[in-house]
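Here is a short briefing for a first look at this structure. Start with the strand pairings, then move on to the cores and the side chains.

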Amino acid sequence: MNHLDPGAERDAEPAETGRLREALAAAAYEVTPSRVPLAAVERRGRMIRRRRRTTVLGAGCAVLLAPLAFVTLHGPDEGDRVTRPAATVSASPAPSASPTVSAPTPRIVDPGERVTVAPGFVLWLTEEGKHWTTPDMPEGQFRSVVDGNIDRTRPGVSLQTEATDGRVLASGVYYGGEGTASVVEVASEDGPVRGKLLELPGRPGWGVWYAIAHSGVEAQVTVRDTEGRVYATLP
């Protein structure tokens, strides 16, 4: 029976280990290492740095804005805080149509109601006709509309004039026209003068006109209706 020398076994084991190391080293030298992806590594590094920088800036802004938000919400004194109403936008109103101006109509007076046209010149109407006074004739004058001197079935106008205090007071009776009498115009030396109309209630079919001129009045009088048509004329 052969016995191996224990010392020889201990010397043989390192020899095998050495050969194994040599074989691994030779194999390692034959392997060509791949290129390191430097561009990718650099991009990754820049991205990580940007994220860190954004995080730091965001945290800093939050720290700075927090006191401002506190001041805005609470203010130095709750009693001094003013809440402004939200701005409202209102639609522009559509332009409204111009109002229609109605033509004037005679002033309606009660029987016997006095109308002072000028100092001392007073008019009033009764169912019988026209009454008036002047400074020169305070006792009054009268023109009848029922005595047959006028034909109330046909358009007509009468004229009476009174001169006083540098003015000419012209008046008369109109009657018989169609529609509603509206305005009267009398000719004078200074041009046309527009007068006014009086009537009793109930559309009696006649009325009284009057005007004040500052020059001589001519015998030319025109009464027009609310449509602008001639109601009655003189001559």
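**Strand β9 and its partners**

Strands β9 and β12 (residues 217-225) pair in the antiparallel sense over six bridges. Two strands count as paired if DSSP finds at least two bridges between them. This is a predicted model: local features need pLDDT of at least 70, side-chain atom pairs count only at pLDDT 80 or more, and totals for chains, interfaces and linings use all residues. Residues are numbered from 1 along each chain as its sequence is written, and side-chain values use heavy atoms, with hydrogens and water left out.

- β9 and β10 form a hairpin with four residues between them. In the turn, G191 has a positive phi of about 115 degrees.
- Seven of the eight residues of β9 (residues 181-188) are buried, so this strand is largely enclosed by the rest of the structure. Buried means under 20% relative accessible area, exposed over 50%, and partly exposed in between (1.4 Å probe, protein chains only).

**The chain as a whole**

- The chain holds two helices and 13 strands. Helices (H or I, at least four residues) and strands (E, at least two) are DSSP runs, numbered from the N terminus.
- Of the 235 residues in the chain, 26% are buried.
- Take the contacts between residues at least 6 apart in sequence: 53% of them join residues at least 24 apart. A contact means heavy atoms within 4.5 Å.

**An open sheet of four strands**

- Four strands form an open sheet in the order β2-β3-β4-β5, with antiparallel pairing.
- β2 and β5 (141-144) stand at the edges with a single partner strand each, so one side of each has no neighbour in the sheet.
- From one strand to the next, the twist averages 25 degrees. Such angles run from 0 to 180 degrees between N-to-C directions, with axes as lines fitted to C-alpha atoms (for helices, over the stretch in contact).
- β2 and β3 pair in the antiparallel sense over three bridges. A118 has F121, in β3, as its bridge partner.

**Nonpolar cores**

- The largest nonpolar core has 17 residues. Those with the most contacts inside it are F121, L123, L125, V173, L198, W206 and V208. A nonpolar core is a set of buried Ala, Val, Leu, Ile, Met, Phe, Trp, Tyr and Cys residues joined through side-chain atoms within 4.5 Å.
- β2 (115-118), β3 (121-126), β8 (167-175) and β11 (206-213) each supply at least two residues of this core.
- Apart from this core lies another, of 16 residues, among them Y174, V184, V223 and A232.
- L123 is found in strand β3. At 0% relative accessibility, L123 counts as buried.
- Beyond four places in sequence, the contacts of L123 include V115, W132, L198 and V208.
- L123 and T133 are ten residues apart in sequence, and their C-alpha atoms are 6.8 Å apart in space.
- L198 touches residues including V109, L125, Y174 and Y210, not counting those up to four places away in sequence.

**Rings and charges**

- The structure holds one aromatic pair. Rings of Phe, Tyr and Trp (its six-membered ring) pair if their centres lie within 6.5 Å; planes under 30 degrees apart count as stacked, over 60 as edge-to-face and the rest as tilted.
- The rings of Y174 and Y231 have centres 5.8 Å apart and planes at 85 degrees, so the pair is edge-to-face.
- Y174 lies in β8 and Y231 in β13 (residues 230-234), so the pair ties together parts 57 residues apart in sequence.
- Y174 is buried at 0% relative accessibility, and Y231 is buried at 5%.
- The charged end of R114 sits over the ring of W124, 3.8 Å from its centre. The charged end of K130 sits over the ring of W132, 3.9 Å from its centre. A charge sits over a ring if NZ of Lys or CZ of Arg is within 6 Å of the ring centre and within 35 degrees of the ring normal.

**Backbone details**

- D165 has a positive phi, near 50 degrees, in a residue other than glycine. D165 lies in the loop between β7 (160-164) and β8, and is exposed at 66% relative accessibility.
- R203 also has a positive phi near 50 degrees. R203 is in the loop between β10 and β11, and is exposed with a relative accessible area of 60%.
- The peptide bond from L234 to P235 is cis, with omega near 0 degrees. P235 is in the segment after β13.
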